[in-house]
Amino acid sequence: IFFLLFTISFSGETRYNKDKILQGQGVDEPLSATGFRQADAAGLFLSNVKFTHAFSSDLLRAKQTAAAILGKNRFCKDLEIKYDARLRERKYGVAEGRPLADLKAMAKDAGEQCPSFTPSGGETLDEVRERARDFFESLCQLAVELEQKEHGKPGAPGRSSGTSGEHFVFPWTNHCSEAELSSEGSRSSMVLDANILVVSHGAYMRNWIGYLVSDLNCTLPANLTKSQLSSVSPNTGVSHFIIKLENGNLLKPNITCVCLNQDSHL
């Protein structure tokens, strides 16, 4: 069994978030003062988690959030952040830079509902999900390659950091059910091939999580409501997933969501 853990965080607030203006991909705003405080709070929240890899959208608000999170980390301040265009926010075409109310009006005029409505020049939900699927499969492939590389070395120890318990002090365990905590605890004796931080955007992550649940049968926390599942994460909300790949089988990952859109650090 190969273990891949990944933690995803929504980028911090920008002034456009506050004013309810769509940013998408075409508006590349920096974090606001509040956004930087949120990113620092997320970094402190995750400061005892030893990440092996970090990925971020290449849009500025996500890059600044990722840098702030790692800047507060006890173990991986200097970890390289890999920027990936597949993690960009959904493209909203002609609606970018305009109030969210305009998008809703466009959808109403077209006889459709948000968020399924696609404005001219924008991405469909299926196109966003395809980007998410492609990126997720690359994460699974990364974990398998790391395991094969490590186990190919004579006498090489596993990659697990489980011998040092502090690396697995995940701050959200207080918010998990008993079953989830049991699942979490059971992995300490397993080989951990990758522990990955991913920083992306709200609409993108809602589509990604939808893919994990509907296409890959991700197990959700018992107390999660349907409205929570479909809602957009708060700025710097944190979600955590455990992925098990039986015998390196990339086609049938076993996925458990430990927490979704956790915002206690705010």
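Begin with the lining of the largest pocket, which by class has 13 nonpolar, 9 polar and 6 charged residues. Here Ala, Val, Leu, Ile, Met, Phe, Trp, Tyr, Cys and Pro count as nonpolar, Asp, Glu, Lys and Arg as charged, and the others, Gly among them, as polar. The model is predicted, so local features need pLDDT of at least 70 and side-chain atom pairs count only at pLDDT 80 or more, while totals for chains, interfaces and linings use all residues. Residues are numbered from 1 along each chain as its sequence is written, and side-chain values use heavy atoms, with hydrogens and water left out.

**The whole chain**

Select the protein chain and colour it by secondary structure. It has 8 helices and 6 strands, where helices (H or I, at least four residues) and strands (E, at least two) are DSSP runs, numbered from the N terminus. Along the sequence their order is β-α-α-β-α-β-α-α-α-β-α-α-β-β. Of the 266 residues, 49% count as buried; buried means under 20% relative accessible area, exposed over 50%, and partly exposed in between (1.4 Å probe, protein chains only).

**The largest pocket**

Next, select Asn17, Leu22, Tyr92, Leu100 and Val232. Of the 28 residues that line the largest pocket, these lie nearest its centre. Helix H1 (15-18), helix H4 (100-109) and helix H7 (202-214) are the elements that give two or more residues to this lining. The volume of the pocket is about 640 Å³.

How are such spaces found? Rolling a probe the size of a water molecule over the atoms shows where empty space is left. On a 1 Å grid over the protein atoms alone, a cavity is a set of points where a 1.4 Å probe fits but cannot get out, and a pocket is an open set with protein on both sides within 12 Å along at least five of seven lines; lining residues have an atom within 4 Å of a point. Grid points are joined across faces, edges and corners, and a volume is the space filled by probe spheres set on the points.

**The annotated residues**

Now select Arg61, Glu89, Arg90, Lys91 and Tyr92, where an unreviewed UniProt entry places the feature "binding site". Among these residues, Arg61, Glu89, Arg90 and Tyr92 belong to the lining of the largest pocket. UniProt positions are given in the numbering used here, feature names are shortened, and annotations may be inferred rather than shown by experiment.

Zoom in on Arg90, in the loop between strand S3 (81-83) and H4. Is Arg90 buried or exposed? Its relative accessibility is 1%, so Arg90 counts as buried. The side chain of Arg90 reaches the backbone oxygen of Pro115 at 2.8 Å.

Tyr92 is also placed in the loop between S3 and H4. Tyr92 counts as buried because its relative accessibility is 9%.

**Helix H4**

Select H4 and look along its axis. Leu103, Met106 and Ala107 are buried. Seen from this direction, the buried residues of H4 fall within an arc of 100°, so they line one face of the helix; the arc is that of the directions from the helix axis to the C-beta atoms. On the other side of H4, Ala101, Lys108 and Asp109 are exposed. After H4 comes Gly111, whose phi is positive, near 70°.

**The cavity**

A search of the whole structure finds 1 cavity of 30 Å³ or more. The largest cavity holds about 50 Å³ of space. Which residues line the largest cavity? Select Gly202, Met205, Arg206, Ile209, Leu229, Ser231, Val232, Ser233, Leu260 and Asn261 to display its lining. H7 and strand S6 (254-262) are the elements that give two or more residues to it, and H7 gives the most, with 4 residues.

**Two final stops**

Go to Glu29, in the loop between H1 and helix H2 (33-45). The side chains of Glu29 and Arg15 are joined by a polar contact of 2.8 Å. A polar contact is a pair of N or O atoms within 3.5 Å; within protein, one must be able to donate a hydrogen and the other to accept it, and residues adjacent in sequence count only if both atoms are side-chain atoms.

Finish at Ala66, in helix H3 (residues 60-71). Ala66 is buried, with a relative accessible area of 1%.
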